[in-house]
Amino acid sequence: MYAAFLLSWVLGVCTVFLFKKYILGIFRKWVLLTKTAIDDKLLKAVELSLIPMSYFGAFYFSINLLELPAEVHRGLQTISVVVITLLFVRAITFVMTDALESYVNQFEYSSGSVKQLKGIIGLFNFIIWIIALIILLDNLGVKVSAVIAGLGVGGIAVALASKAVLCDIFNYFVIFFDKPFQIGDLIDVGEKRGHVEYIGIKTTRIRAISGEQIVLANSQLTSSSVQNFKSLEQRRAAFKLRVAYGTTLENLKYIPTLVQEIIEINEHVIFDRGHFSEYGDWSLNFEFVYFVRQANYKSFMDIQQAINLAIFERFREYKISLAYIAEPRPHYSQTSMACSEN
């Protein structure tokens, strides 16, 4: 009897070992030649779960050949259920983690976003292990129906009491998967502007341009219009030039070309249009539009400053006077003048 147990166990271990070395070895070589990642994940899942489960199965089958007391058999059955559950959950968590990581690898994430992914994986793993524990207890004969019913009633009460918190947690997943913004992005939310520093389960923290930290609920972010300046590829600049009515006709005709030449000197600028747009009350008005192919606001302002200085210089060279519009003087009625004199 013991000889049969030993022989069966050795044969089982040798079979699993040969399968792992040769069959999986051939499959591993084939996997290295393919470009897809699915077969690599399948091989890893087999090595993590199926191989240990096969070793344990060989031991369990062999020990059943022995005539052991009923208590020992029940203990072995309990151990087998626990081991199989653990290995099965291990495979599920591996597949889930790999799926999330594969999803993340499609995008460029910062270190803060990687930490956010670890938090999500940890939360998912916790939920999976709780479900696995309930199933395990049920298979071991523990009556968990009353416990589940109690948890259901308690869960409803907790959900009603913490509706806002659960809403923020749900929106946390919305932010992670939909990616309206990431850590480090410059965003506008209503009248608040700043760089995203942290995305938590309930709140998101933004560092304002003026230096203070703004804490916003995730539900507030998903329900508001968010302007994300990270994806900004170019900035539009539109401005008016007001020249004096004494400007000659030749200069009026040349101003659009002159300003276009000044704008196009910069390699990061695309000139769009320039026109003599209207007769103003005190000036002849020109309108110009160009695009700066740089998202950085400081670079945008440096280019705009350089263009303004060049326009001022060239206008002085061609003796083109910019119109000076004096502020209207306040009007005083005779009554107010009399009062002031008194």
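Trainee: Which residue of β2 stands opposite V189?
Mentor: K192 does. This is a predicted model, and in it β1 covers residues 186-189 while β2 covers residues 192-199.

Trainee: And what is the bridge partner of D188 in β2?
Mentor: R193.

Trainee: How many bridges join β1 and β2, and in which sense do they pair?
Mentor: Four bridges, in the antiparallel sense.

Trainee: What lies between the two strands of that hairpin?
Mentor: Two residues separate β1 from β2. G190 sits in the turn, with a positive phi of about 65 degrees.

Trainee: Back to D188. Which residue does D188 stand opposite in β5?
Mentor: Q227. So D188 has R193 as its bridge partner in β2 and stands opposite Q227 in β5, and strands of a sheet pair through backbone hydrogen bonds.

Trainee: How many bridges for β1 and β5?
Mentor: Three, and that pairing is antiparallel too.

Trainee: What is the strand order in the whole sheet?
Mentor: Five strands, in the order β4-β3-β2-β1-β5. The sheet is open, with antiparallel pairing.

Trainee: Which strands are at the edges?
Mentor: β4, residues 213-217, and β5, residues 226-228. Each of these pairs on one side only.

Trainee: By how many degrees are neighbouring strands turned against each other?
Mentor: On average 40 degrees in this sheet, with direction ignored.

Trainee: Changing topic. How many helices and strands are in the protein chain?
Mentor: Ten helices and eight strands.

Trainee: What about confidence, what is the mean pLDDT?
Mentor: The protein chain has a mean pLDDT of 77, and 79% of its residues reach 70 or more. Residues 327-342 are below 50.

Trainee: How many contacts does that stretch have beyond near neighbours in sequence?
Mentor: One in the model. Where pLDDT is low, the predicted coordinates should not be read in detail.

Trainee: What share of the residues is buried?
Mentor: Of the 342 residues in the protein chain, 30% are buried.

Trainee: Last one: what share of contacts is between residues 24 or more positions apart?
Mentor: Among contacts in the protein chain with a separation of 6 or more, such residues account for 63%.

Notes
Residues numbered from 1 in each chain as written. Predicted model: local features only at pLDDT ≥ 70, side-chain atom pairs only at ≥ 80, totals over all residues. Heavy atoms only, no water. Pairing = 2+ DSSP bridges. Axes fitted to C-alpha atoms, helices over the stretch in contact; angles between N-to-C directions. pLDDT = per-residue confidence, 0-100. Contact = heavy atoms within 4.5 Å. Buried < 20%, exposed > 50% of the residue type's maximum accessible area, 1.4 Å probe, protein only.
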